[in-house]
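Trainee: Could you walk me through this structure, please?
Mentor: Gladly! Let's look at it together.

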Amino acid sequence: MSVKSISVLGSTGSIGRQTLAVAGHAGISVSALSANRKTDMLEEQTRKFRPEYVAVYDEDAARDFKVRVADLDVKVGAGLEGLTEAATYEKSDCVVTAVSGAIGLKPTLAAIDCKKRIALANKETLVCAGDIVMKKASENGTEIVPVDSEHSAIFQCLMGRKKGELKKILLTGSGGPFRGKTRDELKDVSPEDAVRHPNWSMGPKISVDSATMMNKGLEFIEAMHLFSVTPDDITVVVHPQSVVHSMVELVDGTVIAQLGVPDMGLPIQLALTYPERVPSMFGRLDFYSLKDLTFEAPDYEKTPCLKLAIDCARRGGTAPCIMSAANEVAVWKFLRHEIGYNEIYDAAALAVEKIPASDDPDLDTILLADEAARSFVRENFSR
Ligand code: MG
C-alpha cells in the first residue's frame, strides 16, 4: 500500500530534499525529520512540512535548533538516540534512509523491528550489514524498497516474477566523467572536476564515488543482498547515457529493462507509492531525441575501485564494510584537498589488505571493522 506518512533520515542531503519535494507533491505527510547539523535548512523544512519530531545529530546544533523552532509544536531530539526515535516514530509507516555513512545502520535496524517500510537510500546499510539487515527484514516481514535508480530499476523489472525466472542482473552505470582515463591521466584531478557528473545531479560523496566507479561497486554488493543473488549473477554494463537504469535477463533469454529520465525523484516516488503508481512531476523520455544508446564492458584496469569492490563482494564478511568505510574517509579527504584522486583507491585497497576481516560478523564486529578502517585511513593518508 502507498504510504501515508514518512520519516526522512538525512533530510537536508540531496535525496532527503528530493524526498520532501515528492512527498509534498504526492500528498504524503512528514512525521519526522533528521539531519546532521544544517539547522538553517532544517528549520525551513520544519516550518514547511510540520513534522512532529525532528532529530539533529550534532548536540550543539540540536540546542540551536530547539531555540529556532520554539514557537512550533515539535519535539526535538539529538544524537543516535534522536536518529533512532525519528526512524521508529509511531506515526510514520515508512522510513526514507537518506543519511550518508554507517551511522544509518542502527536506526534502520530499529525501523525494521517496527515493521516500517524501508525506502532504502543509504548504501552502507546493505554494503556493511546486508546479511543481518535482510535476515531481520524477512523475519519481520518488513518491506525494503530500493531508492537507488539501478536497484529501483531491477526491482521494477522483477515485479511479478518468480525467483526462478531470473538468470542474471545487468547493472548499468554511466562510467562517470573520467571514463577511459588511465591512473596517470587522473593524478591531478581536482574535487571540482570529480563532482561534475555528466547525467545525474547528486551530493559530493556519491559524485566522487561515481567518478571512481566505487559507486557501481557498492551497488553491486547491495544488489547481491537485495535480490539474494551471488556475484556471478551480476554483470556490470557501462551505459554512458544513463537512460537504461538497469536490466534483468530471464532464464529464457528475455531481457527486461527499465528506462526513464535520469531524475532521482522517480525512484523516490515509486518507493513511497509502491505498489501503486501515480502521475509525477518529472520529465518524460523523448525517443525522437534519443540519439545513441551504447553499452560496453567496464575496463577494470582503469576502474580499480570497481574491481576491488567486486573482490570484496566475493570475500564477504567484513571486507565490504572495511572497503566502504576506508573509501568514505578517503573521499572526504580528497574533497578537502588533503589527498589526491588516485589515493582514494590506494586507501581503500590498503585498508582491505591490512585490516583483518572476519567471515561471519555480528553487528558489533561490523561497527568495529568500520571504525578500524576509518582510523586506518585517517592515520595513514594525510599530507
Ligand atoms: Mg545509483
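Trainee: How many salt bridges does the count come to?
Mentor: First, a word on the basis: this is a predicted model, where local features need pLDDT of at least 70, side-chain atom pairs count only at pLDDT 80 or more, and totals for chains, interfaces and linings use all residues. Residues are numbered from 1 along each chain as its sequence is written, and side-chain values use heavy atoms, leaving out hydrogens and water. A salt bridge is a side-chain nitrogen of Lys or Arg within 4 Å of a carboxyl oxygen of Asp or Glu. By this rule, the number of salt bridges is 31.

Trainee: Which residue forms a salt bridge with Lys-91?
Mentor: Lys-91 lies in the loop between helix 4 and strand 5, and its partner in the loop between helix 2 (39–49) and strand 3, so the pair ties together parts that are 39 residues apart in sequence. Helices (H or I, at least four residues) and strands (E, at least two) are DSSP runs, numbered from the N terminus. The closest N and O atoms are 2.5 Å apart, and the partner is Glu-52.

Trainee: Which residues are the protein donors of the magnesium ion?
Mentor: Donors are N, O and S atoms within 2.8 Å of the metal (3.2 Å for Na, K and Ca), and sites may look incomplete because water is not among the atoms. In sequence the donor residues are spaced D-x1-E-x68-E. They lie 2.1 to 2.2 Å from the ion, and they are Asp-148 (OD), Glu-150 (OE) and Glu-219 (OE).

Trainee: Asp-148 also forms a salt bridge; with which residue?
Mentor: Asp-148 sits in the loop between strand 7 and helix 7, while the partner belongs to helix 6 (residues 123–140). Both residues are buried, meaning under 20% relative accessible area, with exposed over 50% and partly exposed in between (1.4 Å probe, protein chains only). Glu-219 meets this partner in a salt bridge too (3.5 Å, N to O). With closest N and O atoms 2.9 Å from each other, the partner of Asp-148 is Lys-123.

Trainee: How many of the residues of helix 11 are buried?
Mentor: The buried ones include Gly-265, Pro-267 and Ile-268. Among the elements covering them are strand 1 (5–9), helix 1 (14–26) and helix 7 (149–157), where contact means heavy atoms within 4.5 Å. Helix 11 is largely enclosed by the rest of the structure, because the buried residues number eight of the nine.

Trainee: What is the angle between the planes of Tyr-53 and Tyr-89?
Mentor: Rings of Phe, Tyr and Trp (its six-membered ring) pair if their centres lie within 6.5 Å; planes under 30 degrees apart count as stacked, over 60 as edge-to-face and the rest as tilted. The whole structure holds four aromatic pairs. Tyr-53 and Tyr-89 are a stacked one, 5.9 Å centre to centre, with an angle of 25°.
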